[in-house]
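Here are my notes on the helix packing, jotted down as I went through the model. Have a look at the structure first, then read on.

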Amino acid sequence: MPAIAVQTHQLTRKFGHLVAVDRLDLAVPAGEIFGFLGPNGSGKSTTIRMLCGLLTPTAGSAAVDGHDVQKASDAARRSIGYMGQRFGLYEDLTVQENIAFYGALYGMKDPARVREVMQQVGIAQKADTRAGHLSGGWKQRLALASAIAHSPPVLFLDEPTAGIDPVARRELWDLLFDLARGGTTLFVTTHYMDEAEHCSSLGYIFQGRLLLAGGPDDLKQARQAADAGNR
């Protein structure tokens, strides 16, 4: 059996009386593209923040690449790349300066890796351009390059294509497919059903609870059954 790249056990997060994530159990095999679906406010981003060690669980546990995100936080952090739904890089820095800075935060010291990752995501021609001068699609490429600069085995992407045009969205997914073929595990949240069909497996979360886990066909069948029941 393949190794498990992302695993949660009864993972729970409360904000006062609000249960944002409710006893979540997940097991994502290494090398998969896992799609995490659900409406706004369902708990997707809260789950990713806990998996990345940015938010402490109220209860339960989580592990990434075999490292408990609470008990072995440094090792878990080095195994993780994160790309959020909002551009969070430094707009006054150039493309290559941003990649070098974020890579260094995760222990990447080889300057050749900056050039390598720029080539990998197709942004080398913008190396000396300030991030603030990039279009939305180029900013997402830069965000991806910065997230993978330290070569993490697991990459979390929180609605990575939100707000970019269809061509840039398709090009970004081509880059994600290349990463998956290279063995990187991708944990992706999305609202787009066509993107969900690109995933190896899916989880659907609603009001903090995981309602469905399986492949794209399982999700289609569940939706068809729900639609039939509502007629």
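The points below go through the helices and their contacts, one topic at a time.

1. Some ground rules. This is a predicted model, where local features need pLDDT of at least 70 and side-chain atom pairs count only at pLDDT 80 or more, while totals for chains, interfaces and linings use all residues. Residues are numbered from 1 along each chain as its sequence is written, and side-chain values use heavy atoms, with hydrogens and water left out.

2. H3 against H4. Helix H3 covers residues 95-105 and helix H4 residues 111-120; helices here are DSSP runs (H or I, at least four residues), numbered from the N terminus. The two pack at an angle of about 120 degrees, with axes 10 Å apart. Axes are lines fitted to C-alpha atoms, for helices over the stretch in contact, and angles run from 0 to 180 degrees between N-to-C directions. That pair is therefore oblique (under 35 degrees is roughly parallel, over 145 roughly antiparallel, 65 to 115 roughly perpendicular, the rest oblique). The crossing of H3 and H4 is right-handed, that is, the near helix is turned clockwise from the far one by less than a right angle.

3. Who touches whom there? On the H3 side we have Val95, Gln96, Ile99 and Ala100, meeting Val114, Val117 and Met118 of H4; contact means heavy atoms within 4.5 Å. Sorted by class, this contact has six nonpolar residues, one polar and no charged ones (Ala, Val, Leu, Ile, Met, Phe, Trp, Tyr, Cys and Pro count as nonpolar, Asp, Glu, Lys and Arg as charged, and the others, Gly among them, as polar).

4. Met118, in H4, is worth a click. Met118 is buried at 4% relative accessible area (buried is under 20%, exposed over 50%, partly exposed in between, with a 1.4 Å probe and protein chains only). Setting aside neighbours within four places in sequence, Met118 is in contact with Val95, Gln96, Ile99, Ile123, Ala124 and Ala127.

5. Arg113 also sits in H4, and Arg113 is buried too, with a relative accessible area of 10%. Not counting residues up to four places away in sequence, Arg113 touches Met108, Gln120, Ile148, Ala149 and Ser151.

6. Which residues of H3 are buried? They are Val95, Asn98, Ile99, Tyr102 and Gly103. Seen down the axis of H3, these fall within an arc of 125 degrees, so they line one face of the helix; the arc is that of the directions from the helix axis to the C-beta atoms. Their cover includes H4 and helix H5 (136-148). Just after H3, Gly107 has a positive phi of about 95 degrees.

7. H3 against H5. Here the axes come within 8 Å and cross at roughly 30 degrees, and the two helices are therefore roughly parallel. H3 passes H5 in a right-handed crossing. Val95, Asn98, Ile99 and Tyr102 in H3 meet Leu142, Ala145 and Ser146 in H5, a contact of five nonpolar, two polar and no charged residues.

8. H5 against H6. Helix H6 (residues 166-181) packs on H5 at an angle of about 15 degrees, with axes 9 Å apart, which makes H5 roughly parallel to H6. The H5 and H6 crossing is right-handed. From H5 come Gly137, Gln140, Arg141, Leu144 and Ile148, and from H6 Ala168, Glu171, Leu172, Leu175, Leu176 and Leu179. By class, that contact has seven nonpolar, two polar and two charged residues.
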